[in-house]
Amino acid sequence: MAGLFDKQAEQYAQLRPKYPKEWFSMLASLTPEHKIAWDAGTGSGQAALSVAEHYGQVIATDVSAAQLEHAGRHPKVRYLHTPISTSEDEFVTMLGGDNSIDLIVAACAVHWFDLPFFYSVANRVLKKPHGIIAVWTYNYNIRNLDKIMTKVLEVVKPYYDPRAQHALEGYKKLPFPFENVGLGSEGSPMELDMEVHMTLDELLGLYKTGSAIVKAKEQGLDLLSDEISEEMRREWGDSTGSRKLVFLAYMLVGRPKSN
């Protein structure tokens, strides 16, 4: 995963949208304690900064050192570089040991993980029985740009890393071995609207940070060609300012299963 996002780490930090604050309020309401949270695959820290509004400390980890260099700073957020070589025991120790974490989040990241490894660490560090884990993603579904997003997806899909298929499918087939708390479970993710105000140039910039477009560019192919960009501009309309876009997001939330 790190190699896919290292080169555009600065653009990723600037262009990736922030998640709705109400999501974090909802998740915080599920944990009786608010001492320590873990943001797994934090990237440039979009989720970590919002989690910090509800928890005393946030440990934010990522395999990409370049992403962490551009992450937003906060006095309650501690960023840790966790190379692929990090063992399970090392990970658990870095996070404070077994039974230490109130909330785990993975924002647009879990599909890149070694899932058995991640879920094993998560089950060890989550507080029993009330710790919460939440994973979510969004994809090319933008409710008010349906036509052009369908075209963009057709062009981009052949270059997607197989691991990103879970994101394209809205996490409907993502393994999620946790107890259902009524907010999206394995096979049945909760669908959420994610409203973002962006200019067209910002939207194009956002997609240029995507793994498939970066991968194709390294092969000499520009998937966001002039033709595609012009189609987007026509559907966007005359305005050069920002407009509200409604991304469709998918979330799974659970607790450790009882033994």
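This is a predicted model: local features need pLDDT of at least 70, side-chain atom pairs count only at pLDDT 80 or more; totals for chains, interfaces and linings use all residues.
H11 covers residues 211–218, and its buried residues include Ser211, Ala212, Ile213, Val214 and Ala216.

Now for the packing. In soluble globular proteins, nonpolar side chains tend to be buried together. Here, the largest nonpolar core has 59 residues, and Tyr19, Trp23, Trp136, Leu203, Met232 and Phe247 are the ones with the most contacts inside it. Take Trp23 as a way in: leaving out residues up to four places away in sequence, Trp23 touches Trp136, Leu192, Asp193, Met194, Ala249 and Met251. There's also a second, separate core of 27 residues, with Leu80, Ile104, Leu126 and Leu174 among its members.

Next, the annotated stretch. An unreviewed UniProt entry places the feature "domain: Methyltransferase type" at residues 39–133. In the model, that span is 31% helix and 21% strand, and its end C-alpha atoms lie 10 Å apart.

For a closer look, go to Thr61, which sits in strand E2, residues 57–62. Is Thr61 buried or exposed? Its relative accessible area is 3%, so Thr61 counts as buried, the cut-off being under 20%. As for its surroundings, skip the neighbours within four places in sequence and Thr61 is in contact with Trp38, Asp39, Ala40, Gly41, Thr42, Leu80, Thr82, Phe91 and Leu95. One of those contacts, Leu80, is a residue you've already met in the second core.

Methods. Residues are numbered from 1 along each chain as its sequence is written. Side-chain values use heavy atoms; hydrogens and water are left out. A nonpolar core is a set of buried Ala, Val, Leu, Ile, Met, Phe, Trp, Tyr and Cys residues joined through side-chain atoms within 4.5 Å. Buried means under 20% relative accessible area, exposed over 50%, partly exposed in between (1.4 Å probe, protein chains only). Contact means heavy atoms within 4.5 Å. UniProt positions are given in the numbering used here, feature names are shortened, and annotations may be inferred rather than shown by experiment. Helices (H or I, at least four residues) and strands (E, at least two) are DSSP runs, numbered from the N terminus.
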